[in-house]
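Take a look at the structure below. We start at the ligand and then turn to the helices.

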Amino acid sequence: MKSNMNTKIFLDSGDPNVTRELLDRKIKLDGQTTNPSLVASNPKAKLLKKGQKLTSRDLINFYKEIVQEIDEILPGKPISVEVYADLKTKANEMVEQGVNMSHWARNVHIKVPANLEGLKAARELVSMGIKVNITLVFSLEQAYGVALVTKHAKRGDVFISPFVGRLDDKGLDGVDLVLKIKKLYQINQISNVLILASSIRNLQVFNFFLNQKMDLITAPKDIIADYFLKNQNFEPEKNFLQSRIALKKFDLDHLKVSNSLENLNLENQFLIDGITKFTNDWNNLL
Ligand code: E4P
């Protein structure tokens, strides 16, 4: 079976049955990412909701069971678990949730959003030795903020999740953002943060990142299955590759590198929409 030794492949799903299904098909997974929308779309969540009102505690327990089941299927592999954070959630509330969730499985990365409060929470979690995955990243400023708050973390303890597909959905260039983050980290000698290419919508982009030897990539079941089962000799189209390589001439001038988190422009509409979608999907189950 084809495998790229450089890039670790995670499944992007809130359903342990999907994890099991891929393993049954002899596909090797290196970990899993979850988020509130993925957990809310787990078929069992809908059944649970039918006929009864779920409390926040029920829902958290449901999430915990899912994570524990994934941990049994992928023993000790990294599982990303996301805190509940709306636009008003403070860092200390995220830290409290993160500390609790970090005990759910053997190798949990706590996902916090890349807004100011989320980055403060990440700083605190990392200082407590808790692994993090800083999510909803759509800009270089956010990526720089991630590096600032995690500079004392061990390599591998911090993931950053740039959301490729959500930028592409709006006609922007998600792949470009990931390449620029990679370059930004190289220029600033930031090696402890692993880049986790997220929100992957198609095999072409998936393959592109494998060819770029990204640290990590997460993708839904169908893309991973296609990659392993149907497209073992798939190479990204030449044109696609060439256009991306042309982007190697980076222009980072607009990023005013700052040593203060408060001076960075972390907010953007994608981040706000992302937080809103996660919380709406979650709250719809309550
Ligand atoms: C993974 O960690 C992300 O939450 C996920 O890839 C987002 O994907 P989406 O944009 O398809 O929701």
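**Around the ligand**

This is a predicted model. Ten names mark the surroundings of the ligand: Asp12, Thr33, Asn35, Lys111, Phe163, Arg166, Ser198, Ser199, Arg201 and Thr218. Find them in the structure before reading on.

Some of these residues come with a distance. Start with Asn35. An N or O atom in the Asn35 side chain lies 2.8 Å from an oxygen atom of the ligand. Move on to Ser199. Here an N or O atom of the side chain is 2.7 Å from a ligand oxygen atom. Then look at Arg201. A polar atom in the side chain of Arg201 is 2.6 Å from an oxygen atom of the ligand.

**Helix α1 and its partners**

Now go to helix α1, residues 16-24. Which way does α1 run relative to helix α4, residues 56-73? Their axes come within 9 Å and cross at roughly 15 degrees. An angle under 35 degrees counts as roughly parallel, so α1 and α4 are roughly parallel to each other. The crossing of α1 past α4 is right-handed. On the α1 side, Pro16, Asn17, Thr19, Arg20 and Leu23 make the contact.

Val18, Glu21 and Leu22 of α1 meet Lys221, Ile224 and Ala225 of α11. What classes of residue make up the contact of α1 with α11? There are 4 nonpolar and 2 charged residues, and no polar ones.

**Helices α9 and α10**

The last pair is α9, residues 174-187, and α10, residues 203-211. Their axes come within 11 Å and cross at roughly 15 degrees. So α9 and α10 are roughly parallel to each other. α9 passes α10 in a right-handed crossing. Which residues make the contact? From α9 come Val175, Val178 and Leu179. From α10 come Val205, Phe208 and Phe209. This contact of α9 with α10 has 6 nonpolar residues, with no polar and no charged residues.

Note on methods:
Residues are numbered from 1 along each chain as its sequence is written. This is a predicted model: local features need pLDDT of at least 70, side-chain atom pairs count only at pLDDT 80 or more; totals for chains, interfaces and linings use all residues. Side-chain values use heavy atoms; hydrogens and water are left out. Axes are lines fitted to C-alpha atoms, for helices over the stretch in contact, and angles run from 0 to 180 degrees between N-to-C directions. Helices (H or I, at least four residues) and strands (E, at least two) are DSSP runs, numbered from the N terminus. Angles under 35 degrees count as roughly parallel, over 145 as roughly antiparallel, 65 to 115 as roughly perpendicular and the rest as oblique. A crossing is left-handed if the near helix is turned anticlockwise from the far one by less than a right angle, and right-handed if clockwise. Contact means heavy atoms within 4.5 Å. A residue is near a molecule or strand if one of its heavy atoms lies within 4 Å of it. A polar contact is a pair of N or O atoms within 3.5 Å; within protein, one must be able to donate a hydrogen and the other to accept it, and residues adjacent in sequence count only if both atoms are side-chain atoms. Ala, Val, Leu, Ile, Met, Phe, Trp, Tyr, Cys and Pro count as nonpolar, Asp, Glu, Lys and Arg as charged, and the others, Gly among them, as polar.
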